[in-house]
Amino acid sequence: MSSLSVTVWRGGSDGRFQDYSVPRRDAQTVLDVVTYIQRRLDPTLAYRFACRVGMCGSCAMTVNGKPRWTCRTHVAEVASGDRIEIAPLAHLPIVRDLVTDMRTFFDKWARAKGQFTPTASRREGFERVEPESRPRRAVDAAIECIGCGVCYAACDVVEWKPDYLGPAALNRAWTLVNDVRDGARTERLAAVAGDAGCHACHTLGACTERCPKHLSPTASIAGLKRETAIAMLRGRL
Amino acid sequence: MTSRGEVRLWLLQRASAAVLAICVAVHLVTIIVAMRQGLTAAAILGRTHGSIGWAGFYGIFVLAVAVHAPIGVRAIAQEWLACRGRATDAVFVLFGIVLLALGGLAVAAVIR
């Protein structure tokens with residue numbers, strides 16, 4: 001059986017890469033590789049995963065320099081020869097080994113007012129939202145985000161400007177801006193406008209290229225720029 | 001700066017970029033045509049002197065540059081040098097005024 005030469009980040013931000021040799025198997029995912037190392041070679045290796053099927057978004061890591069879900073990435077897709085390098089997600093503090101502290105990432109969702117603000121109570125009927133209406137289609141295009149942090153790790157603007165809200169938080173805000181049931185549109189547009197918000201985006205498109213759900217945060221951010229401009233011209237910002 | 005102010009700057013930069021796209025194209029075509037016809041500097045100035053059309057065109061060009069460039073450089077300074085705040089904004093307002101003044105002098109020299 002052939003083997004795979006795996007280089008894995010160990011320690012905190014001042015850590016270093018360590019080499020391991022892992023047996024190569026058919027249909028092997030990068031998460032399989034990390035799990036093999038922890039179960040068979042080094043039980044002290046810290047990493048994070050839950051569902052293993054691309055639903056939970058907790059196993060994202062940097063694989064050969066690019067952020068990816070490790071559970072849905074086959075070794076055959078990314079291995080350079082028989083070598084693979086696995087590191088924690090970029091732009092987030094490292095807790096240990098392959099585990100990052102996601103607090104900043106999710107705090108930014110809160111700063112972007114990523115919480116739904118209801119305008120009706122449970123005693124009122126369901127809001128009727130036409131599936132083909134423009135706002136509903138805009139929501140559909142962006143709603144499947146599972147918060148894995150891949151787009152955030154891929155974004156160069158996050159690296160240059162650490163207080164930038166980032167693609168995922170802005171994408172979430174965009175779904176709520178288009179939610180006709182939501183009551184905090186103006187406050188949300190004010191929260192996402194400005195040099196730490198949607199206007200910091202240079203439309204580089206790395207988030208859209210890397211999103212494992214094939215969403216386009218780039219388009220969502222462009223939508224926010226448009227809506228904030230309209231709100232400003234109408235005196236609502 | 002407030003969210004409203006940032007959005008206003010973004011809109012101004014987009015609008016000035018649209019103006020510049022046209023102005024730069026006209027400017028380049030003008031240069032190419034003038035060069036291909038073998039016009040001397042004196043011949044070109046002879047045509048532009050007293051021309052309200054060229055004065056208006058290059059006046060708008062300079063105005064768009066004076067709006068567009070400081071906003072863009074401000075964004076770069078924020079990202080690369082972490083320069084923010086009112087003092088930094090004042091520097092870029094000054095930069096815009098300098099561009100406007102220098103551009104205005106150049107336009108005056110060509111038209112007068």
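A residue is called buried here if 20 or more other C-beta atoms lie within 10 Å of its own, with the C-beta atoms placed from the backbone. In this predicted model, buried residues by that criterion make up 43% of the 237 residues in chain A. The C-alpha atoms of the chain fill a box of roughly 65 × 35 × 30 Å along the principal axes, and the secondary structure of chain A comprises 10 helices and seven strands. Among contacts in chain A that join residues at least 6 apart in sequence, 64% link residues at least 24 apart.

Strands of a sheet pair through backbone hydrogen bonds, either parallel or antiparallel. In chain A, five strands form an open sheet with mixed pairing, and their order is β2-β1-β5-β3-β4. Because β2 (16-23) and β4 (66-69) of chain A stand at the edges and each has a single partner strand, one side of each is left without a neighbour in the sheet. From one strand to the next, the twist averages 35 degrees.

Within this sheet, strand β1 (residues 3-10) of chain A runs parallel to strand β5 (residues 83-87) of chain A, and four bridges join the two; Val8(A), for instance, has Ile86(A) in β5(A) as its bridge partner. Helix α1 (residues 30-41) of chain A packs on the sheet, where it touches β1, β2, β3 (60-63) and β5 of chain A.

Technical notes. Residues numbered from 1 in each chain as written. Chains lettered and ligands numbered in written order. Predicted model: local features only at pLDDT ≥ 70, side-chain atom pairs only at ≥ 80, totals over all residues. Buried ≥ 20, exposed ≤ 12 C-beta atoms within 10 Å, placed from the backbone. Contact = placed C-beta atoms within 7 Å. Pairing = 2+ DSSP bridges. Axes fitted to C-alpha atoms, helices over the stretch in contact; angles between N-to-C directions.
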